[in-house]
Amino acid sequence: MNKPVLIAFLLTALCCVTAFSFFSGKGRLQEIMDNALEQAVETDLQRRLCEEKLVSMGSPMNRKIKEIKVTSGQGTELFILEDSMEQYLADKLANQYILSTIHPIQPEKLNRLVQEELRKQDILCPTAVGYRRGRGERKESPAEFSVFDVVLTSEADSLDIKGEMSVQLKAGCPLPLIAGQSPAYLRWGMGLLLTVTVLTAFLFPRHTSYRISPCEPPHDNRLVLKRDNFCFCIAGQQRDLTEMQFYLLEALCRHSHQTVTRQEIASLLWQKEQTDDVSIYNNRIDSHIASLRKLLVDFPDYRIETVKRFGYRLTGPGIAVEG
């Protein structure tokens, strides 16, 4: 495998591992954000209940209810739940509904609680909490995100029994932070591939399939066909050849001053296409011969002569094949 192909392979593998690492880390951060917001909402609820001197009644953990009565400044309301719910969860939603009118959520304070929860997980990034009640205007805590940050957003979850309140968290996460949350084996894989790619780019020997040896000195007027370089040299001047041109010129060189038939040329160039009908190759043979003649136009001592209805013959003062 030559150097460019190897580097391309390593870069492709590095891109794949980096993409897996990014999406894995992003998913992990999203999970941490959701948990931090949930815990911050719970802490904020207890704080507001204490400030209003309201008591959160303890409820049996496993008891499920289908309806709940809520008494607030607007009177007593009965809420029928779509699905049965554990009573302690219903009490939280009811308390949020009661507090929404007398002591609503303040996004700045809730955002500080979120930051505290994230710091417990060693996550340091700017965040913003958005809050909305009913069809009212959305309130959001201020935050400054960098243009290089990946902004992750949580779903706008409903907080109260009536479904009028919702909060949403945004976090500006730099790419190193996201990569740092990916599994260790992906991070090690990225580091290993990056190291191997850099070492390959700077230490791997260059591929030298072509241009192995220079052309002969200018005083040498021979036509020297170089197999290692896929070129020919005359008087110090080099002409590059395609694969088909090379094999055709090689056949003419090895039989210099002799006629090489069209059948022999067809068998040499298209030996995998087994057919005895040479006429189907005539146009292609003529095209390759014409291209070789153009390459030899600067060297009048060498000519490819046409032997009518038979083949071609290369003539010149000196012809050699190397490699």
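This is a predicted model: local features need pLDDT of at least 70, side-chain atom pairs count only at pLDDT 80 or more; totals for chains, interfaces and linings use all residues.
I began just after helix H1, where Lys53 takes a positive phi of about 60°. Helices here are DSSP runs of H or I with at least four residues, strands are runs of E with at least two, and both are numbered from the N terminus. Residues are numbered from 1 along each chain as its sequence is written, and side-chain values use heavy atoms, with hydrogens and water left out.

**Overview**

I looked up the totals next. The protein has eight helices and 14 strands. Of its 323 residues, 39% count as buried. Buried means under 20% relative accessible area, exposed means over 50%, and partly exposed lies in between (1.4 Å probe, protein chains only).

How far does H1 reach from its first C-alpha to its last? I got 70 Å for its 49 residues, close to the 72 Å expected at 1.5 Å a residue. The expected span is 1.5 Å times one less than the number of residues.

Which residues of H5 are buried? I noted Leu186, Met190, Leu193, Thr197 and Thr200. They cover an arc of only 105° around the axis, which puts them on the same side of H5. The arc is that of the directions from the helix axis to the C-beta atoms. On the face turned away from the buried side I found the exposed residues Trp188, Leu192, Phe202 and Leu203. The cover over the buried residues of H5 includes H1 (3-51) and H4 (175-180).

**The four-stranded sheet**

I moved on to an open sheet of four strands, in the order S10-S9-S8-S14, with mixed pairing. Two strands pair if DSSP finds at least two bridges between them. S10 (237-240) and S14 (319-322) stand at the edges with a single partner strand each, so one side of each has no neighbour in the sheet. The twist averages 20° from one strand to the next.

I went through the pairs in turn:

- S9 (residues 231-234) and S10 run antiparallel, joined by four bridges; Phe232 has Arg239 in S10 as its bridge partner.
- S8 and S9 also run antiparallel with four bridges, and Val224 stands opposite Cys233 in S9.
- S8 and S14 run parallel, again with four bridges; the partner of Leu225 in S14 is Val321.

In a regular strand, side chains alternate between the two faces of the sheet. I checked S8: Leu223 and Leu225 point one way, Val224 and Lys226 the other, and all are buried.

What packs on this sheet? Helix H6 (residues 243-254) does, touching S8 (223-226), S9, S10 and S14, and its direction makes about 130° with that of S8. Angles run from 0 to 180 degrees between N-to-C directions, with axes fitted to C-alpha atoms (for helices, over the stretch in contact).

Phe230 has a positive phi of about 55° although it is not a glycine. I found Phe230 in the loop between S8 and S9. Arg309 is also not a glycine, yet has a positive phi of about 65°. Arg309 sits in the loop between S12 (303-307) and S13 (311-315). Is Arg309 buried or exposed? I noted it as exposed, with a relative accessible area of 83%.

Key:
Contact means heavy atoms within 4.5 Å.
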